[in-house]
Amino acid sequence: MTARARSGLCLALCSLGLALLGDVSRAVPMDDQDYYLQEITNRDHYYSFPYPGEEFFPFTEQPGEEGPIRAAETEERPGVKPGRKELKQKKNNKKGKTILETPPDCPPLGLETLKITDFQLHASTAKRYGLGAHRGRLNIQAGVNENDFYDGAWCAGRNDPYQWIEVDARRLTKFTGVITQGRNSLWSSNWVTSYRVLVSNDSHAWTVVRNESGDVIFEGNSEKETPVLNMLPVPLVARYIRINPRSWFQEGSICMRLEILGCPLPDPNNYYHRRNEMTTTDNLDFKHHNYKEMRQLMKTVNKMCPNITRIYNIGKSNQGLKLYAVEISDNPGEHEVGEPEFHYIAGAHGNEVLGRELILLLMQFMCQEYLAGNPRIVHLIQDTRIHLLPSVNPDGYDKAYKAGSELGGWSLGRWTQDGIDINNNFPDLNSLLWESEDQKKSKRKVPNHHIPIPDWYLSENATVAVETRAIIAWMEKIPFVLGGNLQGGELVVAYPYDMVRSMWKTQDYTPTPDDHVFRWLAYSYASTHRLMTDARRRACHTEDFQKEDGTVNGASWHTVAGSINDFSYLHTNCFELSIYVGCDKYPHESELPEEWENNRESLIVFMEQVHRGIKGIVKDVHGKGIPNAVISVEGVNHDIRTGADGDYWRLLNPGEYVVGVKAEGYTAATKTCEVGYDMGATQCDFTISKTNLARIKEIMRKFGKQPLSVAARRLRQRARHWQRRR
């Protein structure tokens, strides 16, 4: 074969290979293509930028390469140092560092909510995988260790003005703004102090955002956690947007977390948009409600369904705002004998807003469905007394609400007005129980249930929030059987214990005696959530909970003393779990319909679990209910007590159980009760009689006399004998 023939064959094979590569990349969805194949076919390599001191020959833009990008000019390659014009623009741009109390016209694209996938994020370089472009998401949290596999930002591999991080919107989008943060880290301080913004339609030809003075240099962050919003001078339509850091904290390096604001343009033929689109048919009020609006919404629901709803408050916040709750029941305001009580609470951390809005949506939904005759909802309301408390920390929420959905950072509004974390502000009863169990010869015996609150906690000088005291009083007043506290920032259901037993460990699986029941309760929510058990789902921050099907033992995650879950289990009859409903603590209003669809079925299924296990009434021989009787289950070292009317509910998984009852002054009794797989608790009633001693005491009291002990009687006889002798 001649040299010309060989070169011709080689050219033909190369052309065929490129053609096949093009066909493959068109046929396979981008999510399913190899990451590096995307890089090869879609990106200019980092080293196409010149190094300092190298000669640079600018390319000539070909007609038709760039789409209609308005109010911007073709990018000039960055130099080593910012020019005078850039420095002047940076100085003049301080007004662009904005915190809006009202949200911008266009919502976030979804870096924080994970709508933007890892495959849509690219960067010039990365320090290492744990600091890659996929970690450059607003509010993403780092692991505890400095070199964690999951770290807290995108960090460039080099500190020079050629670095960039890029977002592919996968459709034409009207870009309006950029929000930035520095790197989340316990050990280092890194953030970008200024940057440029570039846009493109093909990821090859880029235009830099400009104004009348030239390239716009946006002012970045002055510390690593507070988000900073910069609006573009004019909205720009493009598919790709790129952030090019120009300066950074001098003692740190180039690290960023960001969110992009933009409105996707209508494109019904876009595959990626159709696949991820979520709509809801529920006619609900999908918006963020401030305190006044929340109160008005509750009134509206009560007006629509006056026969099944009641508004009440459990106390006041530090700033005097009432903690309102809505009761949903066929007889609101009354505890019906044999009917279990359930509650959802939210907003213990004021900035975790999604739970608050989900509860407000739930009360609207249940009212509408009850009026529509939905048999599932009607049955649930008729057989359950439901309490919905949407805002435990309204003072904290007010701070987060004023900042806005994307600008409060990770912690603004988390604590109460006096700086207390309500979720971990309850008395530590775990230590009292475990110390008693470890010291078997101790004179102070602690019961395995209804452990009294220590005196020091009840004193006025104790560091206890008024909101916490209100919740405790509420939980002591109402015989709750099951409850969920909705939180945010993760997608997982956590069950107790939340505190490790060993004081030398920070993480350790610490089960309750009812561990199997708690695991089932957690799984009932997680498995019916649209995303929690999805194996393809990306981890929110640093923890991958897929190995436990979207559930986790609280102590094995991180130890916490005085959690609401542990307190509820050890001080009341209520089984309480923490439900983390979304990666984004404060999602944009536009995300609420999708978040409602993600959680709606789970919220209902979890409420239905209150009807699992056994229930019954403990009576005396005259048919009167016996309060405060102890119900025990053989093999489970945790008891419960009957309510004021003698009724009780005991959550159990399917199986056969030996159940015992005892009460002061009554004979103990046991019976075997079987729990089936069908929904509905097994009836397991007891009738017990008084002991002989109790009957004697009752008779003596009736006739105005008290029974005497033998020792006391002998002392009296001796006294009479001495009087006669004298």
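## Basis and confidence

In this predicted model, local features need pLDDT of at least 70 and side-chain atom pairs count only at pLDDT 80 or more, while totals for chains, interfaces and linings use all residues. Residues are numbered from 1 along each chain as its sequence is written, and side-chain values use heavy atoms, with hydrogens and water left out.

The pLDDT is the predictor's confidence in each residue, from 0 to 100. The protein chain has a mean pLDDT of 85, and 80% of its residues reach 70 or more. Over residues 16–68 the pLDDT stays under 50, and the model has 70 contacts (heavy atoms within 4.5 Å) for this stretch beyond four places in sequence. Residues 70–103 also have pLDDT below 50, with 74 contacts in the model beyond near neighbours in sequence. Where pLDDT is low, the predicted coordinates should not be read in detail.

## An open antiparallel sheet

Helices (H or I, at least four residues) and strands (E, at least two) are DSSP runs, numbered from the N terminus. Two strands pair if DSSP finds at least two bridges between them. An open sheet contains 4 strands in the order β21-β20-β23-β24, and the pairing is antiparallel. The edges are formed by β21 (636–641) and β24 (669–675); each has a single partner strand, so one side of each is left without a neighbour in the sheet.

Strand β20 (residues 630–633) is joined to β21 by 3 bridges in the antiparallel sense. Within this pairing, Val630 stands opposite Arg641 in β21.

Val517 belongs to helix α12 (residues 515–526). With 7% relative accessibility, Val517 counts as buried (under 20% relative accessible area; exposed is over 50% and partly exposed in between, with a 1.4 Å probe and protein chains only).

Leaving aside residues up to four places away in sequence, Val517 touches Phe575, Leu651, Leu652 and Asn653. Val517 and Gly613 are 96 residues apart along the chain, yet 9.5 Å separates their C-alpha atoms.

## Aromatic rings and charges

Trp434, Tyr497, Phe518, Tyr569 and Phe575 form one aromatic cluster.

The charged end of Arg295 lies 4.3 Å from the centre of the Tyr324 ring and sits over it. Likewise, the charged end of Lys585 sits over the ring of Trp410, 3.9 Å from its centre.

Note on methods:
Rings of Phe, Tyr and Trp (its six-membered ring) pair if their centres lie within 6.5 Å; planes under 30 degrees apart count as stacked, over 60 as edge-to-face and the rest as tilted. A charge sits over a ring if NZ of Lys or CZ of Arg is within 6 Å of the ring centre and within 35 degrees of the ring normal.
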